[in-house]
Amino acid sequence: MKNKNILSIDISTELCSVAIQYKKKIFTKKKINIKNNNQDILLLIKKTIKKNNINLNKINYFLINNGPGSIISKNISLNIAQTFSLRYKNLKLIKINIFNIIKQKIYETKKYIKIKKYYIIIYNSIKNIHICYIKNNNLIYKINIPVNKVIKKIYKTKKIIITNKLQSKKNILNLLIKKINIKVIYPEAKYMIHFIKN
């Protein structure tokens, strides 16, 4: 898909982001906004298209974050993608798992490459979270795990924690504040493009 034109959006967290691969270049915009991601993403798409003279009729793929995560965010992303596909008939929708997006971001962020073992933790609710880890270069998923069990597991193994939500600081990061190797990162639209190119 290196030569294809791609529109990618992510509103699964507080970081609202858009990325467009157009004529072999990638254009991105992002914004932190907790309340109005659905409005922000449309504005970011519009600004990115206008600033870079992008012709939506030439976009081949529309990428969205398929979770796990907020059902509302997933539905909004899907509705936006479906609306675009009705207007621009050549668009094909691709859904990408959030763990794969974060994994791609880690691999492409040089300072994380030295980390061989880590957990990816996705905030779900006060009591439960989603967890993922790498084993033999494969993603292993565990969904809706009680927070207390995860805390105990992390303390025992002392592996790095990567989480994608600021709210989770209240439930996880503050409990592990003494651990030096905690990193907080977000999935982003541009890493979906990188993921499907590989």
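Predicted model: local features only at pLDDT ≥ 70, side-chain atom pairs only at ≥ 80, totals over all residues.

Student: Is Glu188 buried or exposed, and what is its relative accessible area?

Tutor: Buried means under 20% relative accessible area, exposed over 50%, and partly exposed in between, with a 1.4 Å probe and protein chains only. Glu188 sits in the loop between β10 and α6, where helices (H or I, at least four residues) and strands (E, at least two) are DSSP runs numbered from the N terminus. Glu188 counts as buried because its relative accessible area is 7%.

Student: Which residues are linked with Glu188 in a network of salt bridges?

Tutor: A salt bridge is a side-chain nitrogen of Lys or Arg within 4 Å of a carboxyl oxygen of Asp or Glu. The side chains of Lys30 and Glu188 meet this condition at 3.4 Å, N to O, and this pair links distant parts of the chain, with Lys30 in strand β3 and Glu188 158 residues apart from it. Lys105 also forms a salt bridge with Glu188, the closest N and O atoms being 2.8 Å apart, and since Lys105 lies in helix α3 and Glu188 in the loop between β10 and α6, the pair ties together parts that are 83 residues apart in sequence. The residues linked with Glu188 in the network are therefore Lys30 and Lys105.

Student: What is the relative accessibility of Asp40, which forms a salt bridge with Lys31?

Tutor: In this salt bridge between Lys31 and Asp40, the closest N and O atoms are 3.6 Å apart. Lys31 counts as partly exposed, at 38% relative accessibility. Asp40, by contrast, counts as buried, because its relative accessibility is 8%.

## Helix, sheet and core

Student: How many of the 11 residues of helix α3 are buried?

Tutor: Helix α3 covers residues 98–108, and at its start a side-chain oxygen of Asn97 reaches to within 2.7 Å of the backbone nitrogen of Phe99. Its buried residues include Phe99, Asn100 and Lys105.

Student: Which strands stand at the edges of the open sheet?

Tutor: The sheet has 5 strands in the order β3-β2-β1-β4-β5, with mixed pairing, and two strands pair if DSSP finds at least two bridges between them. Each edge strand has a single partner, so one side of each is left without a neighbour in the sheet; these strands are β3 and β5.

Student: What is the bridge partner of Val18 in β3?

Tutor: Strand β2, which covers residues 15–22, runs antiparallel to β3, and 8 bridges join the two. In β3, the residue bridged to Val18 is Lys29.

Student: Which residues have the most contacts inside the largest nonpolar core?

Tutor: In soluble globular proteins, nonpolar side chains tend to be buried together. A nonpolar core is a set of buried Ala, Val, Leu, Ile, Met, Phe, Trp, Tyr and Cys residues joined through side-chain atoms within 4.5 Å. The largest one here has 22 residues, and those with the most contacts inside it are Phe62 and Phe84.

Student: Which residues does Lys92 touch, not counting residues up to four places away in sequence?

Tutor: Lys92 lies in strand β5 and is exposed, with a relative accessible area of 52%. Contact means heavy atoms within 4.5 Å, and with that cut-off the residues touched by Lys92 are Asn60, Tyr61 and Phe62.

Conventions:
Residues numbered from 1 in each chain as written. Heavy atoms only, no water. Polar contact = N/O pair within 3.5 Å; in protein donor to acceptor, adjacent residues only side chain to side chain.
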